[in-house]
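Q: I have not seen this one before. Can we go through its salt bridges?

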Amino acid sequence: MVFRMRRASQLLVWLLIARSTIAFSEISVADCARAAKYSESKRGVSMLVMQNGRTIFEHYANGGSASGRWPIFSGTKSFWGIAALAAVREGLFKLDDFVSDTITEWKSDPRKSRITIRQLLSQTDGIEGASRLHRASIRDRNAMAIRLPIVAEPGSAFIYGPSHLQIFSELLRRKLKRRATTAYVEGRVLNRLGIGRLNYKKDSHGNPLLATGFELTAREWARLGELVLGRGNYHGRRIVSADLLREAFAGSTANPSYGLTFWLNQQASTGREVDMERMLDLPWQSAQWTDVCICKDAPADMVVALGSGYQRLFIIPSVDALIVRQGSNAKFSDAHFLRLVLGL
């Protein structure tokens, strides 16, 4: 039943794509320049636009530069999401496997025992979000994460926070046995994208913080977008299969606007535009994720790697385009920015 619902959701997205791509296809330099001016006025430091495999616009301001790395905060999650798909491709686990098959301490818990790996990656496992896991003083984040309480039935609620990926970190660590999780993401994803020397915010036990930490140039972050546009292939290097990658872009019942570590614009045709960062500031019990979108006028197939302070990697497969925006925290509108870029 869940599989059929995901397929129906994907079909709806493709129908919406067909309609939305009629509106525009070519991104103009003049429109990009207008968007860059807006971004710069909101403390933006970089903006990069690629379409059809080539860079058509690049702009730096407010101290930013082509070689300057910038924190992408929760944009880090999407790299680990791709690493999870690479692990599925390798046969380490399946997305719908129970976490308790590996984290066996959960087997005796009637609710935790039903949590799947897919639910960890979509933040719908029902575990407390636990923002305190970001603290550098925590000696063993993984041990803390797997002991966190479950506050909602698995699959019933979207609860944003670092806990879910930190639990996944422990699962991956156990699956890899003697291999380090950081070595895994490097070997399967980052090195193949030509990205190195990253900050993993490790705790005293060497566990990386999966929810945040990476600092990247706009060009480096764009490579993740190229991977998505290449349907799992980056410049001839196959990292994940196209079918697996599609799994990352299927929303859940609890939050149709979030897939597996990527934000989605699937509800663009009928949804109301919201500031996702402001929504995440609400208590999880109060947030309403049904019928919301990032930008009503952007294509429904747009997916986003999103970091706080309005760090953004917008990826739009239907027009073969990606847009990187980085900056300091300031009042910023994703929807207005996208309308400027896309000339809408």
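Q: Let's start with Glu153: how exposed is it, in terms of relative accessible area?
A: In this predicted model, Glu153 has a relative accessible area of 36%, so it is partly exposed.

Q: Which residue does the Glu153 side chain meet in a salt bridge?
A: Arg111, with an N to O distance of 3.6 Å.

Q: Now Glu273. What is its salt bridge partner?
A: Glu273 pairs with Arg339, and their closest N and O atoms are 2.3 Å apart. Glu273 belongs to strand β8 (residues 272–273) and Arg339 to helix α11 (residues 334–342), so this pair ties together parts 66 residues apart in sequence.

Q: How accessible are those two residues?
A: Glu273 is partly exposed at 30%, and Arg339 is partly exposed at 22%.

Q: Switching to Arg132, which residue does it bridge to?
A: Glu128, with the closest N and O atoms 2.7 Å apart. Arg132 has a relative accessible area of 30%, and Glu128 is at 22%. The cut-off for buried is under 20%, so Glu128 counts as partly exposed.

Q: Which residues are linked in a network of salt bridges?
A: Glu105, Glu170, Arg173 and Arg174.

Q: How many salt bridges are there in the whole structure?
A: A search finds 20.

Note on methods
Residues numbered from 1 in each chain as written. Predicted model: local features only at pLDDT ≥ 70, side-chain atom pairs only at ≥ 80, totals over all residues. Heavy atoms only, no water. Salt bridge = Lys/Arg side-chain N within 4 Å of Asp/Glu carboxyl O. Buried < 20%, exposed > 50% of the residue type's maximum accessible area, 1.4 Å probe, protein only. Helix = DSSP H or I, 4+ residues; strand = E, 2+ residues; numbered from the N terminus.
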